Amino acid sequence: DIDENTTGDRELTGRLYGGDQNARVSQEILLGIGGVRVLRALGIRPTVWHGNEGHTSLMMLERVREEIAAGRSFDDAVDIVRRTTVFTTHTPVAAGHDAFYYPLMEGHLDPLEGYGTALGDHRAKLYGLASHPADWGIAFNMTALALRLSGHVNAVSKKHGEVSRAMWAPLWPGRKPEDVPIRSITNGVHVPTWTANATDRCLRDNLDPEWLRRHDDPALWQKAESITDETLWALRTHVKLGLFHFLRDRLRQRWAAHDVEAGQAVALGALLDPEALTIGFARRFASYKRATLILRDLDRLRHILDDTHRPVQIIFAGKAHPADEGGKDLLQAVYRAARDPIMAGRIAFLEDYDMHAAHWLVQGVDVWLNNPRAPLEACGTSGMKAGLNGVPSLSVLDGWWMEGYDAGNGWAFGGPDGDEADAHDADQLYGILEREIVPLYYDRGMDGIPRGWLEIVRHTLRTITPAFSSRRMLKEYIRTMYAPAAAGAEVPPAPPAPAAPTD
């Protein structure tokens, strides 16, 4: 955003989402082709290139073009790029895989230095690497391009690997889905970033003063069993109070600025009770994530929330994609529920959700709710962040929770797909709250400590942190993807690619 750049280019880099397909293609050219050329200009020569999601695929196309320009044959150029490229696909949602009309792509690519007529006879074959059927014809598909130009490919959870292999099997004619060369490396989260300061102090005192250096070692976490109930309850109470101080400070600032009226204040959490069982739900408001599933039967929900002796409350947070009208409708439905007096102030919506707010929320709630429509959750990481702090998940068995859930660190629900899936899943969700979660949380002795609940908190700490840390994830990438790519290891044969369409 400097004066030397044109207004159009400054707008192009001004926001991640929004604009039309021309803007999207321009952004991906800037990222992929521009990214390679920036590294070349800086004298940086990567041994291995890693593309995350199809938005990066033109990086691979540019490197093939470079090899051809250096005098290599088309097949040799593709082979060199494939051997040194890692690609991670992140979404099983079809709309998440960018596909464009060929005339649009050619209109953008042909004028670039090194493309168009400069490619000569190689042009149709190079562009054909992205060929893939769409509802409206043969598309320039960014994920198909990446799969053809990457010799090392992975999905982001074991379940997502199964879904991805089935989804992209048509690219490998004659292969069974289980034989499609897409492996799985489950995502992880950065433990030092998402662990509360109080949790860190507790683990230093009760686990190991240097626990962060060894946090991906499962053996270390056996010591978590020795953390006393009194210590664990004091920790969870302290962190939870921090969340409520954050919520009220933010609301107080808006109230003092005359930026909120009474109804909004209730919706933003003014009536929340720090001692009530608190459920957190925060993520993108995409339709498949079903933010309003727990609102499906408001009468039943109200009986759960507004129990005088065992109250429950829900804090929602998140944003919708600017172009996702369905997601924006879900967000508005949540906000209306938060303003509805019949809910007695037991539902709140945290506005302006960002990383700072996320820290407080994943650390301070008692239960983390996640209820996507399976199998559309590639992995999910918010529940991992909560789990680092001993917050158990209440989640559909999809994505990472298929691997994380062991019946002792949270709760699982969800049934088959179909028209009745939402009704079935909502009924299970309410039932688990009514019969298991709420009674367990409020089962206290004379000292006021929920010892049965703390068994789940302790087990959550012990099982989630080592298995779902980014340290474990990165070691897995190095061992199974980066090291073989750096060594020039053999890679599976590339999927066949037709030449680019000529009409």
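Histidine 258 lies in the loop between helix H11 (229–256) and helix H12 (262–267). Helices here are DSSP runs of H or I with at least four residues, strands are runs of E with at least two, and both are numbered from the N terminus. Phi of histidine 258 is near 55 degrees, a positive value in a residue other than glycine. Histidine 258 has a relative accessible area of 74% and is therefore exposed; the term exposed means over 50%, buried means under 20%, and partly exposed is in between, with a 1.4 Å probe and protein chains only.

Please keep in mind that this is a predicted model, in which local features need pLDDT of at least 70, side-chain atom pairs count only at pLDDT 80 or more, and totals for chains, interfaces and linings use all residues. Residues are numbered from 1 along each chain as its sequence is written, and side-chain values use heavy atoms, with hydrogens and water left out.

Glutamate 53 is not a glycine either, yet has a positive phi of about 70 degrees. Is glutamate 53 buried or exposed? Its relative accessibility is 7%, so glutamate 53 counts as buried. Glutamate 53 is placed in the loop between strand S1 (49–52) and helix H3 (58–69).

The peptide bond from alanine 374 to proline 375 is cis, with omega near 5 degrees, and proline 375 sits in the loop between strand S11 (367–370) and helix H16 (382–387). Proline 170 is found in the loop between helix H8 (158–168) and strand S7 (183–184), and is exposed at a relative accessible area of 58%. Its C-alpha atom is separated by 9.4 Å from that of proline 495, although the two residues are 325 apart along the chain.

I turn to a helix pair. The axes of helix H18 (residues 421–441) and helix H19 (residues 451–467) come within 7 Å and cross at roughly 105 degrees, so H18 is roughly perpendicular to H19, a term for angles of 65 to 115 degrees. The axes are lines fitted to C-alpha atoms over the stretch in contact, and angles run from 0 to 180 degrees between N-to-C directions. Ile437, Leu440 and Tyr441 in H18 meet Gly452, Trp453 and Ile456 in H19, where contact means heavy atoms within 4.5 Å.

Finally, the aromatic rings. How many aromatic pairs does the structure hold? There are 16, counting rings of Phe, Tyr and Trp (its six-membered ring) with centres within 6.5 Å; planes under 30 degrees apart are stacked, over 60 edge-to-face, and the rest tilted. Tyrosine 102 and phenylalanine 140 form an edge-to-face pair, 5.4 Å centre to centre with 65 degrees between the planes. This pair links distant parts of the chain, tyrosine 102 being in helix H5 (residues 102–109) and phenylalanine 140 in strand S5 (residues 137–141), 38 residues apart. Both tyrosine 102 and phenylalanine 140 are buried.

Ring pairs also link Trp233, Trp411, Tyr441, Tyr442 and Trp453 into a cluster. The charged end of arginine 444 sits over the ring of tyrosine 441, 4.9 Å from its centre; this description requires CZ of Arg or NZ of Lys within 6 Å of the ring centre and within 35 degrees of the ring normal. Lysine 385 likewise has its charged end over the ring of tryptophan 194, 4.3 Å from the centre.

Notes
Angles under 35 degrees count as roughly parallel, over 145 as roughly antiparallel, 65 to 115 as roughly perpendicular and the rest as oblique.
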